[in-house]
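The following exercises are meant for a reader who is new to this structure. Each consists of a task and a solution in steps.

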Amino acid sequence: MNIEIKNLKKSYDDEKIFENFNLKLYDQKVNCIIGGSGCGKSTLLNILAQLISIDDGEILGVCREDTSYIFQEDRLIEWLTVEQNLNLTLKKYYNILERKGEICNMLSSLGIENVKNKYPSELSGGMKQRVNIARAFLKPSKVILMDEPFKSLDYTLKYNIIDEFKDVILKENRMVILVTHDVDEAIYFEGNIIVLGDRPVKIKGFFSENLKKSKDEIISLIV
């Protein structure tokens with residue numbers, strides 16, 4: 001099911017962030033939201049996650065229970081193992097044997113089945129981010145929200161993790177909404193790219209085909 005944002009209004013004090021803002025986000029796609037710093041990308045993601053209230057408008061096709069959120073930081077509980085952290089996500093949905101099976105399968109699909117008994121302090125940044133991704137996908141949600149989750153990773157590691165992530169997306173067929181500042185990263189996901197800018201926020205460009213050929217145009221729209 002697609003998500004439709006209709007006539008969204010959101011202000012902070014006297015500053016209008018969104019004013020009669022409309023956007024459609026597509027199911028079974030990676031929808032990349034890109035734009036300059038402070039253009040409203042993360043605010044929009046937090047509105048979709050219902051972490052921020054809106055002043056007016058409608059958001060159709062998503063509810064908090066149906067979303068998973070991958071933050072920039074891992075937010076793992078330090079005194080729990082990887083398996084115990086992931087188990088918390090699944091308690092509401094599966095019995096103990098089912099949880100063990102789901103966790104093992106997900107960690108295996110991301111190539112980190114050997115870390116399930118380790119604590120977060122024993123993991124590298126890349127490993128923690130894989131666990132972060134596993135946690136988001138383990139929740140039986142329809143929409144996965146991602147706020148620059150690869151920002152702190154080096155180039156090679158970032159694209160290795162994105163490849164693993166794309167493989168899981170193909171199996172799961174869920175909607176992904178990714179906020180990023182990196183044009184190459186957005187293009188690599190081979191989904192839709194929405195360029196935001198101005199204040200109140202406007203859609204400066206929407207790209208769904210020939211993304212590599214559109215790179216220069218996308219960059220020119222980012223301010």
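Helices (H or I, at least four residues) and strands (E, at least two) are DSSP runs, numbered from the N terminus. The model is a predicted one.

**Exercise 1. Two positions in loops**

Task: Determine in which loop Gln 50 lies, and state which residues the cis peptide bond joins.

Solution. Step 1: Find α1 (41-48) and β4 (56-60); Gln 50 lies in the loop between them. Step 2: Consider the backbone of Gln 50, where phi is near 60°, a positive value in a residue other than glycine. Step 3: Turn to the loop between β8 (192-197) and β9 (202-207), which holds Pro 200. Step 4: Arg 199 and Pro 200 are joined by a cis peptide bond, with omega at about 0°.

**Exercise 2. The domains and their contact**

Task: State the domain assignment of the chain and describe the area buried between domain 1 and domain 2.

Solution. Step 1: The assignment gives domain 1 as 3-63 + 142-222 and domain 2 as 77-140. Step 2: The centres of domain 1 and domain 2, taken over C-alpha atoms, are separated by 26 Å. Step 3: To the contact, domain 1 contributes 14 residues and domain 2 contributes 12 residues. Step 4: About 1100 Å² is buried between domain 1 and domain 2, and carbon and sulfur atoms give 67% of this area. Step 5: On the side of domain 1, the residues that lose the most area to domain 2 are Glu 164, Val 168 and Arg 174, which together account for 39% of what that side buries.

**Exercise 3. Helices α2 and α3**

Task: Classify the packing of α2 and α3 from the angle at which their axes cross.

Solution. Step 1: Two packed helices are described by the angle between their axes and the distance between the axes. Step 2: For α2 (residues 82-90) and α3 (residues 96-109), the axes come within 10 Å and cross at roughly 120°. Step 3: α2 is therefore oblique to α3. Step 4: The crossing in which α2 passes α3 is right-handed. Step 5: From α2, the contact is made by Val 82, Glu 83, Leu 86, Asn 87 and Leu 90; from α3, by Arg 99, Lys 100, Glu 102, Ile 103 and Leu 107. Step 6: By class, the residues of this contact are 5 nonpolar, 1 polar and 4 charged.

**Exercise 4. Helices α3 and α4**

Task: Give the angle at which α3 and α4 pack and name the residues that meet.

Solution. Step 1: The packing angle of α3 and α4 is about 130°, and their axes are 10 Å apart. Step 2: The two helices, α3 and α4, are therefore oblique to each other. Step 3: α3 passes α4 in a crossing that is right-handed. Step 4: Glu 102, Ile 103, Met 106 and Leu 107 of α3 meet Ala 134, Phe 137 and Leu 138 of α4. Step 5: This contact of α3 with α4 comprises 6 nonpolar residues, no polar residue and 1 charged residue.

**Exercise 5. Helices α4 and α5**

Task: Which angle do the axes of α4 and α5 form where they cross?

Solution. Step 1: The axes of α4 (residues 125-138) and α5 (residues 155-172) come within 11 Å and cross at roughly 15°. Step 2: Angles under 35 degrees count as roughly parallel, so α4 is roughly parallel to α5. Step 3: α4 passes α5 in a right-handed crossing. Step 4: In α4, Gly 126, Gln 129, Arg 130, Ile 133 and Phe 137 meet Leu 157, Ile 161, Glu 164, Phe 165, Val 168, Ile 169 and Glu 172 in α5. Step 5: The contact of α4 with α5 has 7 nonpolar, 2 polar and 3 charged residues.

Note on methods
Residues numbered from 1 in each chain as written. Predicted model: local features only at pLDDT ≥ 70, side-chain atom pairs only at ≥ 80, totals over all residues. Heavy atoms only, no water. Axes fitted to C-alpha atoms, helices over the stretch in contact; angles between N-to-C directions. Parallel < 35°, antiparallel > 145°, perpendicular 65-115°, else oblique. Left-handed = near helix turned anticlockwise from the far one by under 90°. Contact = heavy atoms within 4.5 Å. Nonpolar A, V, L, I, M, F, W, Y, C, P; charged D, E, K, R; others polar. Domains from an automatic or database assignment. Buried area = accessible area lost by both parts, 1.4 Å probe.
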